[in-house]
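Subject: Structure handover

Hello,

Here is the structure you asked to have passed on. Notes on what was found in it follow below.

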Amino acid sequence: MSSETNDSTATVLRDNAEVAEVLGRQYSAGFITQIETTGLPPGLNEETIRQLSAIKHEPEWMTEWRLSAYRHWLTMEEPKWAHLKLEPQDYQKISYYSAPKKKPKSLDEVDPAILDTYDKLGVPLHERAALAGVAVDAVFDSVSVVTTFRKQLADAGVLFCSMSSAIRDYPELVQKYLGSVVPPGDNFYAALNSAVFSDGSFVFIPKGVRCPMELSTYFRINAQNTGQFERTLIVAEAGSHVSYLEGCTAPKRDENQLHAAVVELVALEKAEIKYSTVQNWYPGDENGKGGVYNIVTKRGECRGDDSKITWTQVETGSAITWKYPSVILRGDRSVGEFHSVAVTHHYQQADTGTKMVHIGKDTKSKIISKGISAGKSNNSYRGLVEVKKSAAGARNYTSCDSLLIGKKCGAHTFPYMEVKNPTAVVEHEATTSKISDDQMFYCRSRGIREEDAVSMIVDGFCKQVFRELPMEFAVEAKKLMEVSLQGAIG
Amino acid sequence: MLKIENLHARVAGKEILKGLTLAVNAGEVHAIMGPNGAGKSTLGNVLAGRPGYEVTAGSVEFNGVNILELPPEERAAAGVFLALQYPVEIPGVNNTYFLRTALNAQRKARGENELDSMAFLKTVREKLKIMQISDDLLKRAVNEGFSGGEKKRNEIFQMALLEPKLAILDETDSGLDIDALKQVSQGVNALRSPERSFLVITHYQRLLDYITPDFVHVLADGKIVESGDRTLALKLEEHGYAWVKEHEAGVVGEPA
Ligand SMILES: Nc1ncnc2c1ncn2[C@@H]1O[C@H](COP(=O)(O)OP(=O)(O)OP(=O)(O)O)[C@@H](O)[C@H]1O
Ligand SMILES: [Mg+2]
């Protein structure tokens, strides 16, 4: 990417930060967009699923796929193993489809209120103002409203569109790969998602192509009582390369909103996928009221030899975060990485980590996890390193660090290892530290204000992970951290 | 410049400073000596505004301002600097970055413009030269894994960079080897100026061979019990603090 494009992206992000400044540095994405919507009434049964599928003009195979997932889901129960206090959900109270009434055919037809929404969020969709060098798929409630730079990408042979269009336009690709990494019955939430997913992004990078720009999806929940169940599928053919970013926000509402997504990545021989997330869903207020339940199944498969998948996530939002971006290292010498910063404040709860499954020979994985807890929040790292018998010479390095701010928060680490091949080397390091009163006084006695001292220390703590993010997003991530740790001391 | 009157302060519910009075004029160097646990570090901490140190009576005026009402960061911006007896480690935070953040925070608070990284590095290089410190320590995290002596030197380096009006050095000489002691002293001397004052807390009269004080005070049991010129330090070295107590009580006359 040229330095010029970097600059313009940075400008947009700076402007976004100014919005945050104006809004008193609170959750700046908490506004509601007034538009007319159509949708399905709350409730879930086979009929709802058929209706959903019909609204989306889906082929018969898709409808059947959904229905079989739904039937499977009915036999399952919400998992209880996470270190989370999560009230059982009433799935009949959720609406499974909400979309802006006006259905745009092109950007010019998109409701100005929606364009305005994305402008305010710092993700302008008009290509002249758009983040140069970043193609955006904007998902508003249940549907993708627009995908930018489609033409430029198509010229390079890259397919980047909403999942709904992919089902219609590239059915053979979708049929081949959908559910091939996360099977519909994988877990309770994945099954639900498979039954009711409304939209999401589809990316296909053909053989040998280096995607000419960053691809990005911006998820926005707007409607009330609506769950967002999006589905993302990224396929990188042999020798291809793609970097993908995901951003998300939701209005402030007193009720909890459910977001249960599934993301599947497939990397064929020598392909590389970098998937970065900056998650900023509404976390609820300082008393723990409201906020998004972010329950996500993210999994990548290094299907080909010498392929590589990197997950980088900065998690500052959501009332509850439940996600374990994982890599199945099937190809020989394939590499999986997971870099994570998870911040919790007030009453937020996070149970996050990763799973690295070594199947191929000489596969390598690296896990860097940084958890920061403040207020009365709870932050858990949960990770599994699994080395199958076939994975001779497998290597894993795991480092888990926790930073506590204040005395009422909690940090927990649950590292699991299952090593079935004696030639494997698995290393694990963990630390827990606190921002001490002595450190605070030391900084202040040098003239640094409390909040700045906290963000300086936190930033130092997270540096290793921020380095993995595209530069502009590292800047954004740093600002988000400052906002989410507002008032953490004193 | 600094006027401390009848200062009483408590730590953890216990009265430590019990009516301390001390005046320091601009440009002066005052040495403070005294037995372990007398309250010397407490005085430094109270002046710097450390939370937990509660002033129960008395006043502290710094350049006409009652600094007891200011939070630590504002005292720093006003020119108070405390080199800690036990400097604190901040893992993950680069030393240079820390210094720049501190300097710019102070400059901003004083309404001065902030230094960009070029200007800042230039200043750093000048100060490194004066202090005869290698820049290795600047590349590392703040005090992390520094030896005792390196921590003390880093404190003095911070002082050189922040250019305070009042520098309180709490046993900066403890733990320094002979060469380092000379270097640190030279650094302090290089910073001496008619506008800058020093409170030098030490147990060793040897430091005062290098940094010549204008006054020497003995702090015992929360008060200044004896003041004099630098010869007082020599007498203390010879006779110990027991003499001060007896002397104070008028039992023994001034030793010959
Ligand atoms: N945070 C604290 N909690 C409890 N007691 C304290 C605290 N800080 C200081 N004290 C007590 O106050 C008294 C004075 O301590 P201070 O550190 O000021 O002594 P000092 O003169 O600097 O001694 P030294 O020469 O050993 O450094 C001591 O009895 C010490 O134990
Ligand atoms: Mg002391």
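**An enclosed helix in chain B**

The buried residues of helix α1(B) are B:K40, B:T42, B:L43, B:G44, B:N45, B:V46, B:L47 and B:A48. Please keep in mind throughout that this is a predicted model. With 8 of its 9 residues buried, helix α1 (residues 40-48) of chain B is largely enclosed by the rest of the structure. Just after α1(B) comes B:G49, which takes a positive phi of about 85°.

**A one-faced helix in chain A**

Helix α2 of chain A covers residues 46-55, and its buried residues are A:T48, A:I49, A:L52 and A:S53. Viewed down the axis of α2(A), these buried residues fall within an arc of 135°, so they line one face of the helix. What do the buried residues of α2(A) pack against? Their partners are α3 (60-74) and α8 (188-196) of chain A.

At the N-terminal end, A:N45 caps α2(A), with a side-chain oxygen 2.9 Å from the backbone nitrogen of A:E47. A:H57 follows α2(A) and has a positive phi, near 50°.

**Cavities**

How many cavities of 30 Å³ or more does the structure hold? There are 7.

The largest cavity has a volume of about 100 Å³. Its lining consists of 15 residues, and those nearest its centre are A:S369, A:G371, A:N379, A:S380 and A:Y381. Five strands of chain A each supply at least two residues of this lining: β16 (335-344), β18 (364-374), β19 (378-387), β20 (395-405) and β21 (410-419). Sorted by class, the lining of the largest cavity comprises 4 nonpolar, 9 polar and 2 charged residues.

The second largest cavity holds about 50 Å³ of space. It is lined by residues of chain B, namely B:L169, B:E171, B:T172, B:D173, B:V184, B:V188, B:V200, B:I201, B:L207 and B:I211. Both α7 (178-191) and β10 (197-201) of chain B supply at least two residues each to the lining of the second largest cavity. By class, that lining has 7 nonpolar, 1 polar and 2 charged residues.

**Two buried residues**

B:Q158 is in helix α6 (residues 148-162) of chain B. Is B:Q158 buried or exposed? Its relative accessibility is 0%, so B:Q158 counts as buried. Which residues does B:Q158 touch, leaving out those up to four places away in sequence? They are A:Y442 and A:R446 in chain A, and B:F81, B:F98 and B:L99 in chain B. With A:Y442 there is also a polar contact, side chain to side chain, at 3.1 Å from B:Q158.

A:T354 is in strand β17 (residues 349-358) of chain A. A:T354 counts as buried because its relative accessibility is 2%, and buried means under 20%. Not counting residues up to four places away in sequence, A:T354 touches A:Y324, A:P325, A:S326, A:F338, A:I367, A:Y381, A:R382, A:G383 and A:L384. One of these contacts, A:Y381, is also among the residues nearest the centre of the largest cavity.

Most residues other than glycine have a negative phi. A:K270 is not a glycine, yet its phi is positive, about 55°. A:K270 sits in the loop between β10 (256-267) and β11 (272-279) of chain A. At 52% relative accessibility, A:K270 counts as exposed.

B:N6 is also not a glycine and has a positive phi, of about 45°. B:N6 belongs to strand β1 (residues 2-11) of chain B. With a relative accessibility of 40%, B:N6 counts as partly exposed.

**A loop residue in chain B**

Where does B:N25 lie? B:N25 is in the loop between β2 (14-24) and β3 (29-33) of chain B. At 45% relative accessibility, B:N25 counts as partly exposed. B:N25 touches B:M1, B:H30 and B:S197, again not counting residues up to four places away in sequence. Between B:N25 and B:K151 there are 126 residues of sequence separation and 29 Å of space, C-alpha to C-alpha.

Regards

Note on methods: Residues are numbered from 1 along each chain as its sequence is written. Chains are lettered from A and ligands numbered from 1 in the order in which they are written. This is a predicted model: local features need pLDDT of at least 70, side-chain atom pairs count only at pLDDT 80 or more; totals for chains, interfaces and linings use all residues. Side-chain values use heavy atoms; hydrogens and water are left out. On a 1 Å grid over the protein atoms alone, a cavity is a set of points where a 1.4 Å probe fits but cannot get out, and a pocket is an open set with protein on both sides within 12 Å along at least five of seven lines; lining residues have an atom within 4 Å of a point. Grid points are joined across faces, edges and corners, and a volume is the space filled by probe spheres set on the points. Helices (H or I, at least four residues) and strands (E, at least two) are DSSP runs, numbered from the N terminus. Ala, Val, Leu, Ile, Met, Phe, Trp, Tyr, Cys and Pro count as nonpolar, Asp, Glu, Lys and Arg as charged, and the others, Gly among them, as polar. Buried means under 20% relative accessible area, exposed over 50%, partly exposed in between (1.4 Å probe, protein chains only). The arc is that of the directions from the helix axis to the C-beta atoms. Contact means heavy atoms within 4.5 Å. A polar contact is a pair of N or O atoms within 3.5 Å; within protein, one must be able to donate a hydrogen and the other to accept it, and residues adjacent in sequence count only if both atoms are side-chain atoms.
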